[in-house]
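Here is a short tour to read alongside the model. Keep the 3D view open and follow the topics in order.

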Amino acid sequence: MQDKILLSMQGIGKSFPGVRALHNVDFTLRAGEIHALMGENGAGKSTLIKVLTGVYTKDAGSISIEGKEITIRSPQDAQKAGISTVYQEITLCPNLTVAENMFIGREKGVIVGWKKRYQRAGEILHSLNIPARPKQQLGSCSLAVQQMVAIARAVDMDCKVLILDEPTSSLDDKEVEMLFSLMRDLRSRGVGIIFVTHFLEQVYAVSDRITVLRNGELVGEYEVEHLPQVELVAKMMGKELQGLSDLKRDDNVDAFVGTPVYAAERLASTAGIAPFDFAISKGEINGFTGLLGSGRSESVRAIFGADRVGSGVVRMEGQRVKIGNPKQAMKHGIGYLPEDRKDDGIIADLSVRENILLALQVMKGFFHPLSNKEQEAFADEYIKALEIKTASSDTPIKSLSGGNQQKVILARWLLTHPKYLILDEPTRGIDVGTKTEIQRLVRKLAEEGMSVTFISSEIEEMLRTCSRLIVMRDRRIVGELRGTQLSQDNVMRTIAGGDE
Amino acid sequence: MKAHASKFKWSKYTQLLVPLMSILLIVIFNLLRDPSFFSIGTSTNNLGNPVLTGNLVSILNGASELAIIAMGMTLVTAACGGQDISVGALATIAGSVFVRILRSGQITIGSILVGFLCCCVAAMLFGAFNGTLVSVFRIQPMIATLVLFTCGRSIAYWINGGATPTISSPLITAIGSFIPGCPVPTPIIIVAVMALILGLVFRFTTLGLYTQTVGINQRAARLNGINPMFIKLVSFLVLGLCCAVAGCISVSRLSLINHETMLLEIEMDAILAVAIGGNALGGGKFKVTGSVLGAYAIQALTTTLYAMKVPSTDVKAYKAIVIILIVVISSPVVKKATNRLWTKIRARIPAKKEVVAQ
C-alpha cells in the first residue's frame, strides 16, 4: 500500500448561525486508497465535503494537497486543485451524448475538435471498462453507467481526489459491484477516493480506511481490518461497548397477548424495502431502529400507505383490511407523524388552529366542516394540553419553533384518537425539555391503551420508551429485541450484524 | 355584543388592503377630477322601465363576467399554483352551446334553463380536460390550458356552424340588461348570486381548507388523507362553471355571439384581478373577495379612462401604467420597505412627544 499523503485537512472548523457544524476536524487521504467517511445524520460529513469542494468557506483550519497548502474559495478552485465530486443525483445532461457530457464546460478555445474528442472519450471509456459508447445519449444509459461516466469525466480532468457522495443509494447489487470494480481500478492508478455512504457492508467491501465523525467532531481514523462492524456502529452512535447488564428491564413482554391491533404479513412498498412481517398489540410501544437509511422510515411509511404498497396482507384487530393510501390508514385508526416535519408535516402558511384540525377534519369528511366554535375549542384544548407556545391559535405555524411545530403535528393526530400512532423521529431537532415531555406523553398514551411505534436516532431514547425493538439493516429486518435483551450493546450488535 | 366585536380579527383581512387601496386610489382620483363621476340617476329604458344609470352602475355591471371568472381563477391559482389562460375561449364555447340550443326552438324560460345546464356541462367537461392535464399529468397550468386557449374559439365556431348567430327575445334581454321592474342590471344580481353560492360552498364544505393545504404543501396534504389530484380537478370544474355563467351573460348582453371577440383577453384581466386581490400567484392562501374587488378595480380604471375621453386605442397603454403602479406597490419589496418605514415612524412618535413635553 502506498503511503504518500495526497490530501490533508487540519483543524477544520465551520459554524452556521446557532450551529457548530464542524469543530477541529482532521482528515487525511493517501494516494491510492478508498477512504470511507462515516457518521450519522448531522455528524458533519456533508459539511466537510462542501468545505473541501468550495461550496462552503471554512472558518478555521488548513487544507493542503501533496504538501502544498491551498485555498479553496469556489468549486472552480477545487476542480483546479484536482478535487472532483460525483453526487448521488446525476448532475450531467441526459439529453447530450456521453462524450459531450465528458467534455462540456471544459472548452478552452472557440473551435471544438469533436472528432478528436469522441476518439478520446472512447479511449477513456474503454480503459475504465465502462459499458457506454461515446455517441450514445447519456439518458439511455442506466443510472450506474451515468454515474460511471461522471467519474470518467472527473478522471479525465486529472483529478487526484475523487469524492463519491452516496453513489450507491439508487443502484442494485450488480451495478454496485460494477461501480466497485471501477473504484478499485482507479485506486490502483493512484487516485484517492473519498467514499460517503450509509451502507455498512459496502464500506467493508471496498474501503481501506474509515474516518468517523460525530456531532461535527472527529471520532477517529481507523484501518478497516482493525475496526469490526459492531465497533464502527458504536463509534458512529457515540456509545462504548459495555458489559451486557447495563440496562435491565423487567417489562413483562408476554403481557401483550391476544389479537394484535395491527398486523401485517409480507408487507412491501415501492420504496425498496424487503417484504416484512409486523404486528403490534394494544398498549404496546415498539420501535424500529437501525442506522440512517436502514429502511426504518420506509417501513412505517408502508404501514401508513404513504408509499405505494406493493404487496402484503394487513389485519386490524383481526379483520382483514386494505390500506393503500393515507386516507384508508386514517379511517382504520392509524396516525402518522412523519420524519420530515417541514416537507411532510406542517402546512407552513396556515394557522396553528388549522394545522391542528386538519386530520380530524379530513376524517369527518368534505361536507362536514367543523364549526368555528368547535375549531376554537379543540385548538385551545390541545394548545393547553401540550403546552404549545404560540401567540394565538391564529398564528401561522411557520413562525413557531421546531419543538412547538412538532407538538402541533402531535396534537393533530391525538385529536383523531388513533388506535395506533406512528411517530417517526418526533424528537429530532427539538430541545431536551420538550423531548422528555414527548417521551412521557407517549408512555401515558400507551398506558391508556394506544399502540405506538416510536422511531428515534438516539438509542437511549428508544430503550427508555419502547418495550420491543425491531432492528433493521440495509432495508430489511434483521432482528427483534425484547425484555431483557434490550440493551445498547445488543442493539448495536444486531445493527452491525453477527460477525464478532 | 362588545365581546363579539373584540373577537373580530383585523389580521384576517390584511390581504384585502391592496385591492381596497387600488379602488380607493381610483375613487380619490375621480373625486378630484370630476365629482359628478359618481352621480347615480334613473332613466327610462326603451321598454319603459325605470333603471339605474351612472358610472358606478356601469362599473359594477361591466365587471360582472370578469368578477365571476376571477372567482374560479382564484381557486385554480390557490390549488395548482398556476393560472388558466383558456377562460376566454372556454366562456366562448359555453356561450356558443347556449346560443346553439336556444336557436333550435322557441325561446322560453324552460329552453333557457336547458341551454344553461347544457353549457354548464360542456364548460365543466372542458374544465375537467384542463384539470386532468394539470393534476394527473402534472403539466404546468399555463401550458396545459394553452391547448384550449389555442383551439377554444375554433370549437365555439364549429358549434354554431360558422355564422354569427343572433338570439333575440325579451327573456334574453332580461338576462343581459334588465328584468322588467327591477332597476338593477341583471348581471350584477348574477354576480351576487354566484358570490352567495360560493360563500355557501366554503361555509358548508371544507373546500377552502383543502385547497389551501394542497396549494401550500401537497405532500403533507396527501399524508393527511387529502387527495391533491381531486382538489385540483375540483378547482378546474368550479372555474368551468364560472366560465359558463360568464359566457351566458356575455351572449345575452348583445343577443348574439361573435366567436372572435367575445370576452377577448379576459384571461389576462382575470389573472390580474387575482393578483390585485392579494392572492399569491404561486398558490396557497387565498381570498375570493380580494379577486372580486380586484375585478371591480380593473373595470373602474377602464371606465374612468373612457370617462376622461381617452381614445379607445390609447386606453390599454394608460391601463398598463396604472397596473404597473398597483403591482409594484403590492410587491414584496415595497411591502417590506413600508413595514420598515412604519416601525421607524412608530419608534419616533414617543420621542417626539418627549420633545413637546420639554
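How many Å separate the centres of domain 1 of chain A and domain 2 of chain A, taken over C-alpha atoms? The two centres are 36 Å apart in this predicted model. Domain 1 of chain A covers 5-237, and domain 2 of chain A covers 253-496.

**Where the two domains of chain A meet**

- Twelve residues of domain 1 of chain A and ten residues of domain 2 of chain A make up the contact.
- On the side of domain 1 of chain A that touches domain 2 of chain A, the elements giving two or more residues are α7 (200-206) and α8 (229-237) of chain A.
- α8(A) supplies the largest share of that side, with six residues.
- Sorted by class, that side of domain 1 of chain A holds seven nonpolar, three polar and two charged residues.

**The four-stranded sheet of chain A**

- Four strands of chain A form an open sheet in the order β12-β11-β14-β15, and their pairing is antiparallel.
- β12 (276-280) and β15 (319-321) of chain A are at the edges with a single partner strand each, so one side of each has no neighbour in the sheet.
- From one strand to the next, the twist averages 20 degrees.
- Strand β11 (residues 262-269) of chain A and β12(A) run antiparallel and are joined by four bridges.
- To find this pairing in your view, look for Leu267(A), which stands opposite Phe276(A) in β12(A).
- Helix α9 (residues 296-304) of chain A lies across β11, β12 and β14 (309-316) of chain A, and runs at about 115 degrees to β11(A).

**The six-stranded sheet of chain A**

- A second open sheet to look at has six strands of chain A, ordered β16-β17-β18-β13-β19-β20, with mixed pairing.
- Its edge strands are β16 (334-337) and β20 of chain A, each of which pairs on one side only.
- The twist in this sheet averages 15 degrees from one strand to the next.
- β19(A) and β20(A) run antiparallel, with six bridges joining them.
- Leu469(A) stands opposite Leu481(A) in β20(A).
- α9(A) packs on this sheet too, touching β13 (285-289), β16, β17, β18 (451-455) and β19 of chain A.
- The direction of α9(A) makes about 150 degrees with that of β17(A).

- Most residues other than glycine have a negative phi.
- His417(A) has a positive phi of about 45 degrees, although it is not a glycine.
- You will find His417(A) in the loop between α14 and β17 (420-424) of chain A.
- His417(A) is exposed because it has 12 other C-beta atoms within 10 Å, and a residue with 12 or fewer counts as exposed.
- Asp474(A) also has a positive phi, near 45 degrees, in a residue other than glycine.
- The loop that holds Asp474(A) runs between β19 (468-473) and β20 (476-482) of chain A.
- Asp474(A) has 18 C-beta neighbours inside 10 Å, so it counts as partly exposed.
- Lys389(A) sits in the loop between α13 (372-385) and α14 (402-414) of chain A.
- Lys389(A) is exposed, with 12 other C-beta atoms within 10 Å.
- In sequence, Lys389(A) and Asp340(A) are 49 residues apart, and in space they are 21 Å apart, C-alpha to C-alpha.

**Where chain B touches chain A**

- The contact between the chains takes 19 residues of chain B and 24 residues of chain A.
- α11 (207-216) and α12 (218-223) of chain B each give at least two residues to the side of chain B that touches chain A.
- That side of chain B consists of six nonpolar, nine polar and four charged residues.
- For the complex, the predictor gives an ipTM of 0.86 and a pTM of 0.74.

- The average pLDDT of chain B is 89, and 94% of the residues score at least 70.
- Within chain B, confidence is highest in helix α4 (residues 64-80), at a mean of 97, and lowest in helix α1 (residues 2-7), at 43.
- Over residues 1-6 of chain B, pLDDT stays under 50, and the model has zero contacts beyond four places in sequence for them.
- Residues 352-358 of chain B likewise stay under 50 in pLDDT, with zero contacts beyond four places in sequence.
- Where pLDDT is low, the predicted coordinates should not be read in detail.

Technical notes
Residues numbered from 1 in each chain as written. Chains lettered and ligands numbered in written order. Predicted model: local features only at pLDDT ≥ 70, side-chain atom pairs only at ≥ 80, totals over all residues. Domains from an automatic or database assignment. Contact = placed C-beta atoms within 7 Å. Nonpolar A, V, L, I, M, F, W, Y, C, P; charged D, E, K, R; others polar. pLDDT = per-residue confidence, 0-100. Pairing = 2+ DSSP bridges. Axes fitted to C-alpha atoms, helices over the stretch in contact; angles between N-to-C directions. Buried ≥ 20, exposed ≤ 12 C-beta atoms within 10 Å, placed from the backbone.
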